[in-house]
Amino acid sequence: MRNLSKRLTSLFLCFWCSWGSSAPSPVEVPPRIVIVIDDIGQSLEYGRAAIELPGPLTFAFLPYTPHATVLSQLAEATGKDVILHAPMANIAGIPIGKGGLYPHQSESELKNELKKSLDSLPLVLGLNNHMGSLLTQNEQSMRWVMEVAAERDLFFLDSRTTPNSVAFRMAQKQGIPSLTRDIFLDHEITYEFVDQQFSKAIELAQEKGHAIIIGHPYPVTIDYLATALPRLDELGIQLVAASAFLQQQSDIKALQEWSSDVSLQTEAEPAQALSSTVTH
Ligand SMILES: [Zn+2]
């Protein structure tokens, strides 16, 4: 995970601000959203416009697409996360292009195909599924995908193109840092729809602490986000890249465990003091 200290700063600040002279209070973290833009690599113009959006967004690249290399370099250079958008078989049988993963592939066929796609995008920090309503239901194929993710130290985002996906569960089972999509931003490509979905994501983040959003490099989505992202501060929402979000989750867990250990020790001390008074 790159640039760890930078990403931890705001989280630790939050924690230490709440640290008084007495017992620690629970970790305080603002509501956060992760925005992933899928299907990057086909269009130079729209890919570039999406990458130029302000803030730490995450970009999912289709392997072997004409502009994947140059756009992934641009994304990385501007502080965005680069992930592989791994094409996976879907129920409708829609062609998924080069680098496709299918249920009929043997372990070595599937793993080799995935590794070649990853090799074509050396800046990737993780991967998610492009389509995949068929393959993400297949436990064996998903196990092999997660084994490659573990070997390459990558995180996994389940795009959840079917409610029957086992991908997130398989990733968790194998200890892969993983996420699951909450909101699709633009499966209807209109301003009104994108606005409605973005508002839902904000509400979700305010309710449960975070929301994982997936969108596409459509002009309407890019225009919408160009206006909406600068307003997140006013709403008290923090935009974080997928890798930073996962690191934060892991840090929060560690801090909460530590905080509860300290609380237990603080509670135990008076009893020890009383006990020593009586004895001596
Ligand atoms: Zn896709």
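Arg-160 is buried, with 21 other C-beta atoms within 10 Å. Buried here means that 20 or more other C-beta atoms lie within 10 Å of the residue's own, while 12 or fewer counts as exposed and anything in between as partly exposed, with C-beta atoms placed from the backbone.

Before going on, the background. This is a predicted model, in which local features need pLDDT of at least 70 and side-chain atom pairs count only at pLDDT 80 or more, while totals for chains, interfaces and linings use all residues. Residues are numbered from 1 along each chain as its sequence is written. Helices (H or I, at least four residues) and strands (E, at least two) are DSSP runs, numbered from the N terminus.

Back to Arg-160. Arg-160 sits in the loop between β5 (155–158) and α6 (167–173). Its phi is positive, about 50°, although Arg-160 is not a glycine. Met-131 also has a positive phi without being glycine, near 60°. Met-131 belongs to strand β4 (residues 126–131), and Met-131 is buried, with 23 other C-beta atoms within 10 Å.

Next, a strand. Is β8 (residues 210–215) enclosed or open? Six of its six residues are buried, so β8 is largely enclosed by the rest of the structure. On one side of β8 the buried residues are His-210, Ile-212 and Ile-214, and on the other they are Ala-211, Ile-213 and Gly-215, which leaves both faces covered.

Which strands pair with β8? Strands count as paired if DSSP finds at least two bridges between them. Strand β1 (residues 32–40) runs parallel to β8 and is joined to it by six bridges. Within that pairing, Val-34 has Ile-212 of β8 as its bridge partner. Strand β7 (residues 183–184) pairs with β8 in the parallel sense too, over two bridges. There, Ile-183 stands opposite Ile-213 in β8.

Now the helices. Two packed helices are described by the angle between their axes and the distance between the axes. The axes are lines fitted to C-alpha atoms, for helices over the stretch in contact, and angles run from 0 to 180 degrees between N-to-C directions.

Helix α4 (residues 107–120) packs with helix α5 (residues 139–151) at an angle of about 45°, the axes being 10 Å apart. That makes α4 oblique to α5; under 35 degrees counts as roughly parallel, over 145 as roughly antiparallel, 65 to 115 as roughly perpendicular, and the rest as oblique. In this contact, Glu-107, Leu-110, Lys-111, Leu-114 and Lys-115 of α4 meet Ser-141, Trp-144, Val-145 and Val-148 of α5. A contact requires C-beta atoms, placed from the backbone, to lie within 7 Å.

The second pair is α7 (residues 191–208) and α8 (residues 219–228), whose axes come within 10 Å and cross at roughly 50°. So α7 is oblique to α8. Here Tyr-191, Val-194, Asp-195 and Phe-198 from α7 meet Val-220, Thr-221, Tyr-224 and Ala-228 from α8.

Val-220 is partly exposed, with 19 other C-beta atoms within 10 Å. Where does Val-220 stand relative to Thr-190? The two are 30 residues apart in sequence and 6.6 Å apart in space, C-alpha to C-alpha. Leaving aside neighbours within four places in sequence, Val-220 is in contact with Asp-186, Ile-189, Thr-190, Tyr-191 and Val-194.

Notes:
Contact = placed C-beta atoms within 7 Å.
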